[in-house]
Amino acid sequence: MSTAILGLQWGDEGKGKITHLLAREADMVVRFNGGPNAGHTVIDRGVKFGTHLVPAGVFYPDTVNVLAGGMVIDLGILREEVDTIAAHTGWAPKLLIAENAHLILPYHRLLEELEGSGAHFGTTRRGIAPTYRDKAAKIGVRACDLLRPDGLVKRLEWRLNLLKRQWPDSDEVVKLDAAELTEGLMDVAAPFIGSIANAAAAVAAALDEKQNVLFEGAQGTLLDIDHGTYPFVTSSSTTYVGLANSIGIPEPAVSRRLGVVKAYQTRVGEGPFPTELEDEIGSGFQQRGGEFGVTTGRPRRCGWLDLVALRYAVALNGATGLALTKIDVLTGCDEIKVCRAYSVGGRETDRFPLSGEVLEGCEPIYETLSGWRESLEGIDAVGHLPAAAAAYVATIEEAVRTPIEIVSIGPEPEATIYREL
Ligand code: IMP
């Protein structure tokens, strides 16, 4: 059976742990969107990793790891990651890089700085938006271009000329040289050349053969370029609706769509956040939950769980089940709030607005639930959770009418409750 793992909030839901757990059974793991803006925390055999590009199957020897066409890849970061993981596992991971995936080049990061968009939107400053922009403008460089270095120099010459016309006063831009850039790129790409192939065909074949294929989403639904809180979004499709296109497979291929939701809300970067807590409760979540970006180290903004946003995300992804993470972080709260609806312009609504500007004006309407003080350590069944924690699980399930299949009560793989439904 194939499974897609999808973030249902603003990213950082704990997809890394869940993907790593499920990857154990997978023949193929396919990362389908984004780039090194993602930061997945994975604990493998007691060692903690913050991965950015590699799919979670790299921790298992026989799993094929696909970086799909919807991704943007920084080969320098990929190389560092692969080397670090190979030193830990003792084998080189099996990689398949989609020939149509776009490459992040040094000038993409530079552009984010020159344009000031990194500061304005609070991006991860990894060159994500400029790379996706080049893709749409048909001036990008793709993995398959590495197979024809002569053509690559010509493409880069043309691209750099354009860049120099736009930024004549930037010394860093003016000194960019196509031949030098190509040489550096070919050097860092050397170990990956044999892995560049038609990933869409490989994924389709694996699905045809009924292999266990795991699709690994990055970022979260509310950061989706089309369906998120625009313009405070990332530049790719983070949801199930974008998955098929990002890979190049027909839509009905994925039967299990597991949405990952954290027991509270977080957001990094700029943008509206109705349930944000700028008090000691929020900073408590931040400290106890280790809510600091894996990619940038920035503190994450924290708040109560937003069920309006969650209902929207569940519907958009067609989630068939949920994985609820970090419920242990709520231990010790006297009471717990969940946002059931918004008040906007004197009206009550349970609809999530598509515009970031409208969301800015939404006030949360809360329901208050009981908290619990008992530690959740070692609990292996939802029935053994403190009554208030079990009630919290039930409240979420009822609100979004979707079963919670997995409850994560700590960062380690063992701290996981699987439910028989
Ligand atoms: P970009 O993806 O670097 O362009 O950043 C756009 C927005 O998405 C910023 O608010 C980032 O903080 C946010 N973002 C991008 N990737 C992630 C992620 O993996 N987790 C959480 N937020 C992210």
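View 1. The model is predicted: local features need pLDDT of at least 70 and side-chain atom pairs pLDDT 80 or more, while totals for chains, interfaces and linings use all residues. Residues are numbered from 1 along each chain as its sequence is written, and side-chain values use heavy atoms, with hydrogens and water left out. Tyr-264 is also buried, with a relative accessible area of 0%. Tyr-264 and Phe-285 form a tilted aromatic pair, 4.8 Å centre to centre with 35 degrees between the planes. Rings of Phe, Tyr and Trp (its six-membered ring) pair if their centres lie within 6.5 Å; planes under 30 degrees apart are stacked, over 60 edge-to-face, and the rest tilted. Tyr-264 lies in the loop between strand E11 (256-262) and strand E12 (265-267), and Phe-285 in helix H11 (residues 280-288), so the pair ties together parts that are 21 residues apart in sequence. Helices (H or I, at least four residues) and strands (E, at least two) are DSSP runs, numbered from the N terminus. Together with Trp-304, Tyr-264 and Phe-285 form one aromatic cluster.

**View 2. The pair of Phe-49 and Phe-59.** The structure holds seven aromatic pairs. One of them, Phe-49 with Phe-59, is tilted, with 5.3 Å centre to centre and 55 degrees between the planes. Phe-49 belongs to strand E4 (residues 47-51) and Phe-59 to the loop between E4 and strand E5 (64-67), so this pair ties together parts that are 10 residues apart in sequence. Both residues, Phe-49 and Phe-59, are buried.

**View 3. Arg-257 and the ring of Tyr-240.** The charged end of Arg-257 sits over the Tyr-240 ring, 4.8 Å from its centre. The criterion is NZ of Lys or CZ of Arg within 6 Å of the ring centre and within 35 degrees of the ring normal.

View 4. The ligand is surrounded by 17 residues, the closest being Asp-12, Asn-37, Thr-124, Thr-234 and Arg-298 (a heavy atom within 4 Å). The shell divides into seven nonpolar, eight polar and two charged residues.

View 5. A polar side-chain atom of Thr-124 is 2.5 Å from a ligand oxygen atom. For an N or O atom in the side chain of Thr-234, the distance to an oxygen atom of the ligand is 2.6 Å. Val-268 places a polar backbone atom 3.2 Å from an oxygen atom of the ligand. Of the 470 Å² of accessible area that the ligand has on its own, the protein covers 96% (Shrake-Rupley method, 1.4 Å probe).

Methods
A polar contact is a pair of N or O atoms within 3.5 Å; within protein, one must be able to donate a hydrogen and the other to accept it, and residues adjacent in sequence count only if both atoms are side-chain atoms. Ala, Val, Leu, Ile, Met, Phe, Trp, Tyr, Cys and Pro count as nonpolar, Asp, Glu, Lys and Arg as charged, and the others, Gly among them, as polar. Buried means under 20% relative accessible area, exposed over 50%, partly exposed in between (1.4 Å probe, protein chains only).
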